[in-house]
Amino acid sequence: MKKYLRMLKIKKEEMPLVGILLSIFVVLHILVVRRFWEAFSPLGKDYWWLFVGKFDISGFDPITYSVLSQWYTRYQVYRHPLLAFFAWLPSQVNQWLMSVLGMNPVQIMVAVVLVVCLIYSAVFLFRIFREIVGLAVFDSTLLSLLTFSFAYIMLAYICPDHFALSMMLLVVTLYAAGRKMQTGNKFKMWQTIVLFLVTSGITLSNGLKTYIAVLFANKRSFFRPLHLLFAVAIPAAAIWYFADWEFHHYVVPHDMRRKQIKEIRAAAAERKAYKLFCDTTSITDTVRRRAVFDSVQKVMEKQRRAQMAKKPVFAHAGKPMSNGKFTQWTDISTSRWDSAVENLFGESIQLHRQHLLEDTLRKRPVIVRYDWLLNYIVEAFVVLLFLVGIWCGRRSKFLWLCLVFILPDIVIHLGLGFGINEVYIMACHWLFVVPVALGFAFRSVSGRLLLSLRAATFLLMLYLFAYNLWLTTGFLIST
């Protein structure tokens, strides 16, 4: 245990990176708290609708605010099976603070957690560059800062969603796998089980990435029958059956209660509407009067559904493969090319000035174009650096691990279309691989070429921080 606790100690060479990031992100957190404090700090009853209705930073969900204020399994249980239970203890602490302070300090509590995630995401990312890729301190610091200058990595560490925690665990997983690949050690069975349960508990697809990391480190021993049974099959089945139990134990009863309340209210509204119709119509025959009323109601219901279909939450959802339990989340109609250019490598890295930080499910169009040519030049430059890094590190097994690591995201988002209408939100699950790949370009060159690469990366990092911070802070201080 002491060995693992020592890993949390911040080394002297890591302190400048941590200091720079803290100076930026603490200010951003203050601005976020300030923006919502008046609405979110008073005590209330229905926190879910308060936070969902008021929180307006892009498509980030303020579910964590709700869970910490009033514990319940509010997260989508099949995608985040253990997340609500990981939040149980912090929720108890927050609710105790609420009773003592007479206000809800949930924003401050979440900010503290996100800052801790920021610190250790940065520290372990730095160690990947320093110890695994083999870069100098300056280059490791530079590439780590570049990672956090990307728009939706920056935003993830100030918004009350699960992405910051998810990225921290993925970076730690990559670091652990990289070190074991260097030393020839293997993941022990208990390490695989714990790492899988924690990562998949946060986001189910991250569990697959854990197994990919273990496969690269353990090689053939990954396929030993006992390892496959106890470290892979049983934990995977356990997390799935737990999610299914959670769905039927918490979600189904809750949805049934909501449905019953909705039906009761609809019936009461219909009775009221029918009474008003009876009071105003000249039709005396009760059968004909009811038939006319029902026909009018059908026309109104059809119009209501047509109006609902026009709302962004439905209009921007895209056409699914089918309406099954999981296939309803897919999308086969949204343009992959436009989404890749404007969202995947666009909004994820540089914010669009038009429709700044609007929510696709509220009013932001799925595809927004940049109005500056410079944005497209920068995007092309980032992609070029990524490709150059891949070429320079093509013989590195660790880089191939990183590239395979993001394969599930490509399949899920660009292939199946899950979340493609706001794919930039998921940047924390894959975008940190771009600077890691670039690190291999740093390692492969020397002399003036290295100085030129450093200068170009440094200017890119400064530009992205300046551009994204300018837009983000402007948004946060606006009313």
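Student: Okay, how many residues does the largest nonpolar core have?
Tutor: The largest nonpolar core has 133 residues. Keep in mind as we go that this is a predicted model.

Student: Which residues have the most contacts inside that core?
Tutor: Those are Phe25, Ile57, Phe60, Phe148, Tyr152 and Tyr157.

Student: And which helix gives the largest share of this core?
Tutor: Helix H7, residues 106–133, with 17 residues.

Student: What other core lies apart from the largest one?
Tutor: Apart from it lies another core of five residues, including Val77, Tyr78, Ala243 and Val251.

Student: Back to Tyr152. What is Tyr152 in contact with, leaving aside neighbours within four places in sequence?
Tutor: Its contacts are Ser58, Phe60, Glu347, Ser348, Leu351, Leu357, Tyr424, Ile425, Ala427 and Cys428. Two of these, Ser58 and Leu357, are worth a look of their own.

Student: What about Leu357, then: where is it found, and what is its phi?
Tutor: You'll find Leu357 in the loop between helix H16 (336–347) and helix H17 (373–392). Leu357 is not a glycine, but has a positive phi of about 55°. At 2% relative accessibility, Leu357 counts as buried.

Student: New topic: helices. Where does helix H2 bend?
Tutor: Helix H2 covers residues 15–40 and bends by about 35° at Arg34.

Student: Which residues are buried in H2?
Tutor: Among them are Leu17, Val18, Leu21, Ile24, Phe25 and Leu28. Further along, His29, Leu31, Val32, Val33, Phe36 and Phe40 are buried too.

Student: What covers the buried residues of H2?
Tutor: The cover includes helix H3 (47–54), helix H4 (63–69), H7, helix H8 (137–149), helix H9 (151–156) and helix H21 (447–477).

Student: Can we zoom in on Ile24? What does it touch, leaving aside neighbours within four places in sequence?
Tutor: Ile24 is in contact with Phe465 and Leu469. Ile24 has a relative accessible area of 18% and is buried, since the limit is under 20%.

Student: And how many Å apart are Ile24 and Phe293?
Tutor: They are 62 Å apart in space, C-alpha to C-alpha, and 269 residues apart in sequence.

Student: Now a helix pair. At what angle do the axes of H12 and H19 cross?
Tutor: Helix H12 (residues 204–218) and helix H19 (residues 407–415) have axes that cross at roughly 150° and come within 10 Å. Angles over 145 degrees count as roughly antiparallel, so that is how H12 and H19 run relative to each other.

Student: Which residues make the contact?
Tutor: From H12, Ser205, Leu208, Lys209 and Ile212; from H19, Pro408, Asp409 and Ile412. By class, that contact has four nonpolar, one polar and two charged residues.

Student: Last one: what does Asn218 touch, not counting residues up to four places away in sequence?
Tutor: Asn218 touches Lys186, Phe187 and His227. Asn218 is found in helix H12 and is buried, with a relative accessible area of 3%.

Terms used. Residues numbered from 1 in each chain as written. Predicted model: local features only at pLDDT ≥ 70, side-chain atom pairs only at ≥ 80, totals over all residues. Heavy atoms only, no water. Axes fitted to C-alpha atoms, helices over the stretch in contact; angles between N-to-C directions. Helix = DSSP H or I, 4+ residues; strand = E, 2+ residues; numbered from the N terminus. Parallel < 35°, antiparallel > 145°, perpendicular 65-115°, else oblique. Contact = heavy atoms within 4.5 Å. Nonpolar A, V, L, I, M, F, W, Y, C, P; charged D, E, K, R; others polar. Core = buried A, V, L, I, M, F, W, Y, C linked by side-chain atoms within 4.5 Å. Buried < 20%, exposed > 50% of the residue type's maximum accessible area, 1.4 Å probe, protein only. Bend = angle between axes of the 7 residues up to and from the residue.
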